[in-house]
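Biologist: I would like to learn how to read a sheet and a helix in a model. Where do we start?

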Amino acid sequence: MLRQYELVEKVRGYDPDADEALLNRAYVFSMKAHGSQTRASGDPYYSHPIEVAGILTDLHLDDETIVTAILHDTIEDTLATPAEIRKLFGKNVARLVDGVTKLSKIEAQSESQRAAENLRKFLLAMSDDIRVLLVKLADRLHNMRTLHHLKDPEKRRRIARETMDIYAPLAERIGMYEFMTEMQTLAFRELEPDAFASITRRLERLNEGGGGDLIQRIGRGIRAHLEANGVEAEVTGREKHPYSIWRKMEERHVSFEQLSDVMAFRCIVGSVEECYRTLGLIHQRWHVVPGRFKDFISTPKRNGYRSIHTTIIHDEQMRIEIQIRTREMHAQAEHGLAAHWAYKEGAPIATAEHPWINDLVEILDHAGSAEELLEHTRMAMYQDRIFAFTPKGELIQLPKGATPVDFAYAVHTDLGDQTVGAKINGRVMPLRTPLDNGDQVEILTSKAQHPQPGWLSYVVTGKARAKIRRWVKSKEREETVALGRKIFDEIVQRMPAKVGWEAITEGLRRLHLPDDDALMEAIALKRIDDVQVMEALLPGSTTRDGVKPPPQRTAISIKGLTPGVAFQLAECCHPIPGDRIVGLRREGEGIEVHTIGCESLADGVDADWVDLAWGDQSDGGAAKLQAVIKNQPGSLAVIAGVLGSHGANIVAMDQTSRDPSFHTFQFDLEVHDVQHLMRIIAALRATDVVSTAERL
């Protein structure tokens with residue numbers, strides 16, 4: 001553990017103007033506040049915040065950040081108060097300490113909710129001042145270094161999993177690869193001890209098989225080749241980290257022996273020009289592995305990382321990865337955002353320079369539950385990236401597998417909401433098309449468009465998923481309330497007296513509901529039935545003289561409501577406009593719409609039956625049709641011609657059976673109404689190629 005004078009000297013060594021009194025005061029305050037507390041290792045508890053501060057001094061961070069590290073556990077684990085911290089160390093330190101505090105006292109119903117609340121607080125504080133993240137990462141790194149002292153294996157695994165899922169990706173996102181790698185290695189050792197031990201042993205054997213100095217020998221050869229051609233380079237090599245190797249084995253479904261690139265080398269040169277010259281010399285000397293070249297100098301990663309990556313086949317008949325960068329790029333690669341946080345800058349790094357942070361904070365605003373928040377945040381942090389361009393040449397970074405919808409939401413929320421189509425490299429393509437590196441994407445929009453629930457099946461970014469889910473939930477609530485209002489109006493028509501706002505207000509009080517919308521939602525989802533509504537509005541109206549409440553008088557129109565949102569169209573009978581329809585209303589499920597002749601209605605004895613109507617000027621629907629057609633050339637062309645000439649759109653087609661003479665097909669069609677479908681069926685039956693045609 002660093003002693004008080006050693007810590008102060010380390011900070012003064014890179015920042016002569018650091019506030020020495022502030023550092024000394026913080027050191028003493030932390031020691032006194034933590035008092036006789038000890039860690040699982042038996043060490044004094046205050047040794048932990050001092051070690052965290054020591055990690056941050058290696059990054060040359062400013063004195064306020066070092067003081068925050070020293071004090072970061074005092075509010076949570078001691079009797080110290082935020083007011084006390086603010087008085088002794090200033091409002092900036094108090095704000096930073098509050099941001100880092102883990103909030104273990106939060107009461108939540110589940111572990112995921114507790115983790116989500118901690119993450120929410122942490123991300124909001126981080127968006128205000130990125131130094132919160134730097135302290136938190138150093139805190140987690142030291143906890144991982146001492147994790148083996150914890151006796152409870154479940155607690156060790158939980159901390160390791162949280163580190164792997166949240167903190168290592170956060171370190172990667174700000175380019176702190178040393179932190180990321182050490183966290184992943186320590187977490188991997190805890191989560192997969194057998195795999196960790198196996199890979200470590202194999203790496204040792206690989207190096208021993210090369211005479212014990214294989215890495216040094218390859219590095220000397222690369223450096224000698226560059227020097228012979230006039231390039232001064234610092235060349236270092238290492239085996240890839242156990243977790244990185246294990247992940248590749250899992251992703252590629254290969255054994256350790258089948259992996260071809262388990263060694264990586266860095267060539268650090270004096271300038272950008274020398275980076276490209278070094279690349280040329282290496283490619284001139286050794287064979288290049290196709291598809292493994294990446295130029296992050298020309299197109300930096302979103303976290304600011306810059307380097308050239310290439311993979312070659314070396315004289316030792318093995319693939320090796322080579323990274324080429326300048327010294328400045330190397331500092332950025334090792335310490336990421338912290339490399340820019342010199343004490344002399346004196347101002348927090350703007351989150352505008354790191355838009356992914358704003359993406360995470362935006363996800364906070366739109367996540368509907370703890371589970372969604374954790375899912376979306378992990379998605380936003382823990383994915384490989386691709387680069388696509390707007391028509392004006394603006395670079396947009398996205399995770400692999402991203403679609404034009406993800407692209408649109410990355411540019412702007414309104415653009416995503418109004419997306420109707422996309423041009424990729426000048427060609428109109430489906431919205432579910434995965435984007436490739438270098439694609440130019442033009443988003444086609446309409447002000448009448450809104451997010452589609454179907455987008456959730458293929459978007460991959462947390463931001464897009466959170467926005468779409470929020471809209472869907474809002475739309476579900478809006479339409480559920482609208483359906484409830486239609487049912488309410490019909491209920492009121494059956495009552496023996498007129499119902500005014502005064503009766504409705506009194507009814508809400510009796511039902512313990514906060515407002516009119518809550519009543520309509522409860523009616524639509526059958527949380528309360530018709531009798532309860534009548535009794536709340538007019539007590540005694542359903543029990544007077546033993547007379548049952550009158551049955552439904554008028555059909556309830558579902559015009560203006562969206563199938564799949566406020567109500568569901570039954571899969572058994574596929575009702576379309578023009579069919580006589582009835583709804584099954586079950587508690588908590590909303591209404592399921594069936595045709596009046598549907599055989600499944602016999603199973604609806606546990607539900608309330610609701611007489612429904614389509615309303616005028618319906619938007620059409622989806623019908624299922626089965627046709628048995630002759631097995632001869634051109635038969636399907638005839639079918640398609642009939643459907644097209646009658647204005648029907650084929651959504652899906654499936655061949656269900658075949659024999660030498662006839663094939664049976666099922667078609668999903670978009671039609672206007674039941675009369676439109678009947679005309680189509682009649683036209684199909686009139687052709688020579690159709691044996692039978694019928695609605696399913």
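Modeller: Start with one pair of residues. This is a predicted model, and in it Ala-422 has Ile-443 of strand E11 as its bridge partner.

Biologist: How many bridges join strand E9 to E11, and which way do the two strands run?

Modeller: Strands count as paired if at least two bridges are found between them. Here five bridges join E9 (residues 419–424) to E11, and the two run antiparallel.

Biologist: What is the order of the strands in the sheet?

Modeller: The order is E10-E9-E11, in an open sheet of three strands with antiparallel pairing. Strand E10 (427–429) and strand E11 (441–445) are the edge strands, each pairing on one side only. From one strand to the next, the twist averages 35°.

Biologist: Which helix packs on the sheet?

Modeller: Helix H19 (residues 404–411) does, touching E9 and E11. The direction of H19 makes about 85° with that of E11.

Biologist: Now a helix. What span does H2 reach, and what is expected?

Modeller: A helix span is judged against 1.5 Å a residue. H2 (residues 20–34) has 15 residues and reaches 22 Å from its first C-alpha to its last, close to the expected 21 Å.

Biologist: Which residues of H2 are buried, and what covers them?

Modeller: Buried means under 20% relative accessible area. In H2 the buried residues include Leu-22, Leu-23, Tyr-27 and Phe-29. Their cover includes helices H1 (4–14), H3 (47–57), H4 (63–71), H5 (74–77) and H6 (82–89).

Biologist: What is found at the start of H2, and what just after H2?

Modeller: At the start, a side-chain oxygen of Asp-19 comes within 3.3 Å of the backbone nitrogen of Ala-21. Just after H2, Gly-35 has a positive phi of about 50°.

Methods
Residues are numbered from 1 along each chain as its sequence is written. This is a predicted model: local features need pLDDT of at least 70, side-chain atom pairs count only at pLDDT 80 or more; totals for chains, interfaces and linings use all residues. Side-chain values use heavy atoms; hydrogens and water are left out. Helices (H or I, at least four residues) and strands (E, at least two) are DSSP runs, numbered from the N terminus. The expected span of a helix is 1.5 Å times one less than its number of residues. Buried means under 20% relative accessible area, exposed over 50%, partly exposed in between (1.4 Å probe, protein chains only). Contact means heavy atoms within 4.5 Å. A polar contact is a pair of N or O atoms within 3.5 Å; within protein, one must be able to donate a hydrogen and the other to accept it, and residues adjacent in sequence count only if both atoms are side-chain atoms. Axes are lines fitted to C-alpha atoms, for helices over the stretch in contact, and angles run from 0 to 180 degrees between N-to-C directions.
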